[in-house]
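Here's a quick briefing to read alongside the model. Keep the sequence and the 3D view open while you go through the points.

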Amino acid sequence: KTIEIGGKISKDLQKELKRKGIQSYNQAESIMNSKDFTTLKNPEHINTLRLTVKDLGFPNGATTDEIYKRAQELGLDLCPAEVGPQYRLQYIDQPMYENLYIAMKPISDSDGDPLVFLLYRDGDGLWLGSYWALPGFGWREGDGFGFTIRKLET
């Protein structure tokens, strides 16, 4: 999926989420309010790819570190943090009960817990949440992650 990022600061993203009726948890807002959350000044398009832990070659699950290492070996990159709210705003046809974790460098919340964004949809609508992403945290084979596709250098 190609999405547009950039051109909006954190406060703009938060306002747009509310305006579109997208619900967010306090931890997701904490990530967006962190000094470590940055956005690009100018808009640009990036290509993303959703893969499950099993798709990455781990039929019995894997840790955060193992998932990120394998993705890098396959030519994928971690997403800039702003992909979380930007993707949420642009992924309005998300299937019911699907979880999509954004593969990104974790950002610590106010309690110091390293978090990544989580996009999901349930009977109450579209959500922007967060989830723990400790290096040794174990993920199930069906957990889906969004990565960016590395641009080829010319």
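Arg 140 is exposed, with a relative accessible area of 54%; here buried means under 20% relative accessible area, exposed over 50%, and partly exposed in between (1.4 Å probe, protein chains only). Its salt-bridge partner is Asp 143, with the closest N and O atoms 2.9 Å apart, and Asp 143 is buried at 7%. A salt bridge here is a side-chain nitrogen of Lys or Arg within 4 Å of a carboxyl oxygen of Asp or Glu.

Before going further, note that this is a predicted model, in which local features need pLDDT of at least 70, side-chain atom pairs count only at pLDDT 80 or more, and totals for chains, interfaces and linings use all residues. Residues are numbered from 1 along each chain as its sequence is written, and side-chain values use heavy atoms, with hydrogens and water left out.

- Searching the whole structure turns up nine salt bridges.
- One of them pairs Glu 98 with Arg 50, at 3.3 Å between the closest N and O atoms. That pair ties together distant parts of the chain, 48 residues apart: Glu 98 sits in the loop between H4 and S6, and Arg 50 in strand S3. (Helices, H or I with at least four residues, and strands, E with at least two, are DSSP runs numbered from the N terminus.)
- Glu 98 counts as buried at 15% relative accessibility, while Arg 50 is partly exposed at 33%.
- Glu 73 and Arg 70 also meet in a salt bridge, 3.4 Å from N to O. Both belong to helix H3 (residues 64-73), three residues apart, or about one turn of the helix. Arg 70 is partly exposed, at 25%.

**Helix H1 and its surroundings**

- Which residues of helix H1 (residues 10-19) are buried? They are Ser 10, Leu 13, Gln 14, Glu 16 and Leu 17.
- Looking down the axis of H1, those buried residues fall within an arc of 165 degrees, so they line one face of the helix. The arc is that of the directions from the helix axis to the C-beta atoms.
- Lys 15, Lys 18 and Arg 19 are exposed on the face of H1 turned away from the buried side.
- The cover over the buried residues of H1 includes helix H2 (26-32), helix H4 (83-90) and S9. For this, contact means heavy atoms within 4.5 Å.
- After H1 comes Gly 21, with a positive phi near 75 degrees.

**Cavity and pocket**

- Rolling a probe the size of a water molecule over the atoms shows where empty space is left.
- On a 1 Å grid over the protein atoms alone, a cavity is a set of points where a 1.4 Å probe fits but cannot get out, and a pocket is an open set with protein on both sides within 12 Å along at least five of seven lines; lining residues have an atom within 4 Å of a point. Grid points are joined across faces, edges and corners, and a volume is the space filled by probe spheres set on the points.
- The whole structure has one cavity of 30 Å³ or more, and the largest cavity holds about 40 Å³ of space.
- Lining the largest cavity are Gln 14, Leu 17, Lys 18, Ile 22, Ser 24, Glu 29 and Met 32. H1 gives the largest share, three residues.
- The largest pocket holds about 170 Å³. Strand S3 (44-52) and strand S11 (144-149) are the elements that give two or more residues to its lining, and S3 has the largest share, with four.
- Among the residues lining the largest pocket are Ile 5, Leu 40, Asp 77, Pro 80 and Arg 150.

**Single residues to look at**

- Ser 130 belongs to strand S9 (residues 125-132) and is buried at 15% relative accessibility. Beyond neighbours within four places in sequence, its contacts include Gln 27, Ile 31 and Phe 117.
- Ala 62 is in strand S4 (residues 62-63) and is buried at 6%. Leaving aside neighbours within four places in sequence, Ala 62 touches Val 53, Ile 67, Phe 137, Gly 138 and Trp 139.
- Tyr 97 isn't a glycine, yet has a positive phi of about 70 degrees. Tyr 97 lies in the loop between H4 and strand S6 (99-102) and is exposed, at 61%.
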